[in-house]
Amino acid sequence: MKFALLVNAAPQSAEAAASALAFARAALERGHEVLRVFFYFDGALNADRLAAPPAAERNLGREWSALAAERGIDLVVCITAGQRRGVREANLAPGFRALMERRYA
């Protein structure tokens, strides 16, 4: 199967973002494909390379980056959601890219 995931949760809130990462890993281990992960709303915070969680906490952004590097997963951040939360193209973690808005006349 081929999967595309949507992450709406910040890395430090509840377990939703960590669960999405665990799902992606499990799917890949079972031979499925994860083509893209789209980070929207507070999920855009997962892409912030400047985030510095306490040493006792996981750095989900770094884990997503590593998974993308290992497996070639496309990590896409909604640029509008990112900008609203201080995540700019200049501070995207490795492996993440911003999806630019398209304006229609």
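1. A polar contact is a pair of N or O atoms within 3.5 Å; within protein, one must be able to donate a hydrogen and the other to accept it, and residues adjacent in sequence count only if both atoms are side-chain atoms. At the start of α2, a side-chain oxygen of Asn-59 comes to within 3.3 Å of the backbone nitrogen of Gly-61.

2. On provenance: this is a predicted model, in which local features need pLDDT of at least 70 and side-chain atom pairs count only at pLDDT 80 or more, while totals for chains, interfaces and linings use all residues. Residues are numbered from 1 along each chain as its sequence is written, and side-chain values use heavy atoms, with hydrogens and water left out.

3. Four strands make an open, parallel sheet in the order β1-β2-β3-β4. Its edge strands, β1 (2-7) and β4 (96-99), each pair on one side only. From one strand to the next the twist averages 25°. Strands (E, at least two residues) and helices (H or I, at least four) are DSSP runs, numbered from the N terminus; two strands pair if DSSP finds at least two bridges between them.

4. Strand β2 (residues 33-39) is joined to strand β3 (residues 74-78) by four bridges. Phe-38 has Val-76 as its bridge partner in β3.

5. Helix α2 covers residues 60-71. Gly-72 follows α2 and has a positive phi, near 70°.

6. Buried residues of α2 include Gly-61, Trp-64 and Leu-67 (buried means under 20% relative accessible area, exposed over 50%, partly exposed in between, with a 1.4 Å probe and protein chains only). Among the elements covering the buried residues of α2 are β1, α1, β2, β3 and β4.

7. The largest nonpolar core has 29 residues; Val-34, Val-37, Phe-39, Trp-64, Leu-75 and Phe-96 touch the most other members. Such a core is a set of buried Ala, Val, Leu, Ile, Met, Phe, Trp, Tyr and Cys residues joined through side-chain atoms within 4.5 Å. Helix α1 gives the most to this core, with seven residues.

8. Phe-23 is in helix α1 and counts as partly exposed because its relative accessibility is 37%. Not counting residues up to four places away in sequence, Phe-23 touches Phe-3 and Leu-5 (contact means heavy atoms within 4.5 Å). Phe-23 and Leu-5 are 18 residues apart in sequence and 9.3 Å apart in space, C-alpha to C-alpha.

Definitions and conventions. Axes fitted to C-alpha atoms, helices over the stretch in contact; angles between N-to-C directions. Expected span 1.5 Å × (residues − 1).
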